[in-house]
Amino acid sequence: MKREVSRRDFLVASGALVVSFSAGSLIEPFAIAQGPFDTHKSHVDPEKLDSWLAVASDGTVTAYTGKCDLGQGMYTVQTQLVAEELCVPISKVTLIQCDTSVTPDQGTTSGSQSTPTNFNTENLAQAAGTAREALVAMAAQRLRASADQLTVEDGIVSSKSGRRVSYAELVGGKHFDIAVSSTAKRRSPSQWKVLGKPVPSMDRLALVTGTFEFVHNVRVPGMVHGRVVRPPEIGATVANVDEKSVQHVPGLIKVVVRNNFVGVVAEKQWQAAQAVQDLKVTWKPGPSLPAQKDFYDYMRKQPSRDLMLVNSKDVDNKLKTASRVLRATYLHPYQAHGSIGSSCAVADVQADHATVWSPTQSVYPTQHGVSAITGLALDSVRIIFVRGSGCYGLNAADAVSYDAALLSQAAHRPVRVQLTRHDEFISESYGNASVIEQQAGLDASGAINVWDCETWSASFGGRPGYGKPGNVLTGMLAGFDPETITRQAAVEPTGEPQNGNNAVPSYVVGCVSGKCGGAGSIRSERVLTHAVKSPFFTGPLRSPLRLQNTFAHECFMDEISASVKADPVAYRLQHLKETRIIDVVKAAAKAANWDARPSPKPGTARSGTVTGRGIACVAYEGDNGYAALIAEVEVDQASGQVQPKRFLVAHDCGPISNPDGLRNQLEGGTLQGMSRALGEEITWDDRTVTSIDWQSYTTLPLGIQVPAIDCVLIDRPEAKATGAGETAITLVAAAIGNAIFDATGARIREVPFTQDRVKVALNSRG
Amino acid sequence: MMAAISLKVNGQVHTVDVDPETPLLYVVSDHLRLRGPKFGCGLAQCGACTVIIRGRAVRSCVMPVSAVKEQEITTLEGLGTPDKPHAIQQAFIDEGAAQCGFCLSGVILTAKTLLDENPKASDEQIREAMSNVLCRCFAHIRMMRAIKRYQERRA
């Protein structure tokens with residue numbers, strides 16, 4: 001690869017057009033200035049239209065996005081967006097995703113933020129709107145007509161008198177040389193011809209015919225193969241590496257040791273695999289791990305970083321004077337991302353520059369991380385996103401990108417690193433273990449008038465961001481410090497109400513300094529969160545903490561509702577005030593033909609197979625999507641086996657960009673949630689993690705009895721576009737837990753609902 | 001240790017010089033540059049590396065290349081092409097049956113071998129055949145629908 005591929009080179013090579021950024025501009029702005037969307041300022045200036053869009057001399061459009069497709073359809077839907085705003089067919093749009101040399105820094109593709117970020121009135125959508133307006137203005141001049149008299153179709157601007165000019169004639173191959181306008185108008189959803197339609201995912205043909213290029217398929221000239229040797233125990237450190245132990249392995253190029261990072265490089269993949277098998281490494285053991293069976297108690301005793309999210313300051317008094325008080329503690333384990341493909345990356349690190357082909361969600365932060373671990377200047381490192389298998393959050397994609405960079409730098413060759421399944425399970429950053437304790441007070445009428453919530457979550461490391469490569473395993477092994485938990489007491493909340501983790505239940509007013517962000521009506525509220533140090537790396541896993549918190553809130557809501565013999569739907573609606581969450585609850589109930597009555601189901605037998613239904617709802621991150629989910633389950637009371645038969649999801653994400661893509665996300669999220677609710681749990685012994693493959697970590701295969709899933713899509717063209725990738729999954733454990741209670745009268749407060757755990761709950765029924 | 005091994009993959013004969021113990025997956029990915037079979041687990045637990053040999057779905061990540069020499073091997077890209085997808089591939093396209101798509105060799109080739117051998121397989125038999133095939137995006141509903149669609153079309 002060349003030292004630095006400029007946008008000019010890139011575009012010339014791709015035949016798209018000529019956009020040039022001076023060499024000087026590649027270096028100068030790499031300062032620490034914060035750009036938009038929690039990013040650093042990059043050489044691709046997001047204020048300039050040319051950073052987002054270009055029209056080639058043949059009229060085709062190239063768009064640049066910092067939000068990449070992780071296998072959930074963002075490529076297709078962003079292409080639809082650009083085609084819609086520019087009034088060109090999809091076939092004329094090429095989307096370039098996440099490459100530090102050519103795309104704007106849009107931080108990390110995560111947290112259901114791609115749609116809110118790029119589909120409203122900023123960034124990609126606003127750039128496309130700006131481009132259309134600019135093209136129409138240019139056409140108006142050329143055709144000597146007023147802009148409002150012109151129409152655009154298929155990249156051709158026409159006047160009423162029939163004069164026409166094409167985008168190619170107006171700007172083909174040239175710069176726009178204007179800023180992204182904050183006032184440019186988006187096309188109204190009522191005009192949409194491409195956006196809002198069920199356009200089939202554009203990658204599908206290549207995927208089903210085996211021709212799609214994943215990062216696993218990247219091959220570069222001179223490339224060799226690396227494998228890593230991870231510490232056999234958590235916290236173990238290298239005492240000695242006996243390089244002679246692998247001298248016999250044919251094709252061996254190098255044994256690489258850097259602090260506690262150990263890896264090998266060989267000509268062939270199989271040779272590298274043999275070398276890591278045979279390499280004798282002596283490890284100094286790490287500290288022993290807290291026992292898994294007592295872990296939730298252990299968490300509550302650790303020093304913590306505390307955060308008070310809401311506090312109406314009358315909670316203790318209200319609880320004292322309440323007619324009744326209910327209390328319950330909910331437990332959620334560490335879970336794995338468990339990507340189907342173990343992570344892989346290719347790096348070519350040379351003396352003065354590096355290129356990494358990476359499945360990371362965060363090309364720009366990874367550029368900073370690779371710069372730190374290789375010692376190369378930031379502007380000499382290029383990270384190119386190439387899709388890996390579905391990641392669902394911080395799997396080992398970042399770790400393996402660092403692995404490849406370290407091995408390539410040491411071997412002076414381009415190196416491809418393929419993690420093994422075991423490597424993947426111990427290199428990823430698990431979804432946080434959580435303890436959620438709640439109490440609620442009821443008034444004489446049985447309505448809730450106070451809700452108190454205290455949570456503990458175990459956390460260590462996390463996304464590396466721009467400055468913490470030690471936040472993932474490889475960075476730490478190479479000698480960088482991870483972010484850890486320092487004790488900090490909570491202060492009274494100030495500023496805007498925050499509910500990004502859904503720690504605040506939907507049923508409270510969520511008020512901070514007089515501003516109320518909650519979806520509910522309960523005025524006495526307190527939510528205190530504690531982050532404690534985890535023995536394992538943790539990181540965002542699809543619906544991070546939002547799922548754990550919602551599981552607890554929505555099951556507790558059901559417990560309260562049952563205690564006053566209220567219908568769980570009606571009782572929820574009684575305590576909600578936000579229209580959009582109310583609407584999804586009502587839509588789900590209607591579609592499920594919900595039988596309004598209290599749980600548990602009357603007259604249920606204490607043995608044999610019984611059925612029940614449960615509901616859960618969420619205002620995701622407070623205001624980033626609304627969903628309600630009803631689960632209908634069958635419980636075999638002899639075996640404790642839970643079989644979901646049907647799910648019903650009602651969903652509101654504002655204007656729907658692609659209904660087929662949305663359904664695909666709701667269906668997949670629901671079943672992934674079912675797998676996590678019924679079986680997934682990281683396990684460990686006193687030294688290390690023991691869930692290391694698909695036998696020791698449970699996942700639901702294709703051959704299960706797949707429940708039916710019905711989706712009700714509420715389209716709100718006038719609303720802000722919100723996320724949809726994490727809403728459904730947030731609700732599944734709660735809805736299944738509530739359905740088990742409805743069927744059997746047994747309440748299970750710990751995920752996963754394994755057969756053993758269900759049987760214990762059934763046996764402890766009064 | 002190295003040996004010249006002749007392989008017939010997707011109708012083409014290739015001779016590769018490799019350690020005979022090398023898993024077939026590495027040979028088709030690294031030497032033949034095929035993209036269909038993928039490294040998922042390396043333990044024959046997930047199905048992502050599946051190929052078809054003698055009408056059977058075989059997990060190429062644990063199959064030494066020496067054990068399959070001279071045999072006809074079919075990968076996902078050997079079934080059909082983007083211009084002319086195989087009927088089962090078309091069924092997956094029609095049903096929109098994928099998210100990330102990394103698992104598709106296991107899903108499509110396992111289902112195909114079952115239905116080639118037993119065109120009238122019951123739902124229970126299909127589930128049984130798919131009981132060791134994983135998709136972590138959980139596109140199960142659409143995939144099982146695509147398999148049924150293929151079964152109905154080929155009948």
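## Domains of chain A

In this predicted model, chain A is divided into three parts: domain 1 covers residues 7-208, domain 2 is built from 215-285 + 337-427, and domain 3 runs over 434-763.

Let's look at how two of these parts meet. The centres of domain 2 and domain 3 of chain A, taken over C-alpha atoms, are 35 Å apart. Across their boundary, 28 residues of domain 2 of chain A are in contact with 29 residues of domain 3 of chain A. On the domain 2 side, helices α11 (363-374), α12 (397-411) and α13 (421-427) of chain A each supply at least two of the touching residues. That side of domain 2 of chain A is made up of 13 nonpolar, 10 polar and 5 charged residues.

## Chain A as a whole

If you like to start from the secondary structure, chain A has 20 helices and 28 strands. Its C-alpha trace spans about 80 × 75 × 50 Å along the principal axes. The radius of gyration of chain A is 27 Å, which agrees with the value near 27 Å for a compact globule of 766 residues.

How much of chain A is buried? Buried residues account for 57% of its 766 residues.

## A closer look at helix α17

Helix α17 of chain A is a handy one to find in the viewer, at residues 579-591. This helix has 13 residues and reaches 18 Å from its first C-alpha to its last, close to the 18 Å expected at 1.5 Å a residue.

Which residues of α17(A) are buried? They are A:R580, A:I581, A:V584, A:V585, A:A588 and A:A589. These buried residues pack against another helix, α16 (568-575), and against the strands β25 (609-619), β26 (626-636), β27 (641-652) and β28 (708-714), which also belong to chain A.

## Where chain B meets chain A

The two chains touch through 55 residues of chain B and 49 residues of chain A. Helices of chain B that each supply at least two residues of its touching side are α1 (24-31), α2 (76-79), α3 (87-95), α4 (104-117), α5 (123-129) and α6 (140-154). Sorted by class, the side of chain B that touches chain A holds 30 nonpolar, 16 polar and 9 charged residues.

Key: Residues are numbered from 1 along each chain as its sequence is written. Chains are lettered from A and ligands numbered from 1 in the order in which they are written. This is a predicted model: local features need pLDDT of at least 70, side-chain atom pairs count only at pLDDT 80 or more; totals for chains, interfaces and linings use all residues. Two residues are in contact if their C-beta atoms, placed from the backbone, lie within 7 Å. Helices (H or I, at least four residues) and strands (E, at least two) are DSSP runs, numbered from the N terminus. Ala, Val, Leu, Ile, Met, Phe, Trp, Tyr, Cys and Pro count as nonpolar, Asp, Glu, Lys and Arg as charged, and the others, Gly among them, as polar. Domain bounds come from an automatic or database domain assignment. The expected span of a helix is 1.5 Å times one less than its number of residues. A residue is buried if 20 or more other C-beta atoms lie within 10 Å of its own, exposed if 12 or fewer, and partly exposed in between; C-beta atoms are placed from the backbone. The radius of gyration is taken over C-alpha atoms; the globule rule is 2.2 Å times the number of residues to the power 0.38.
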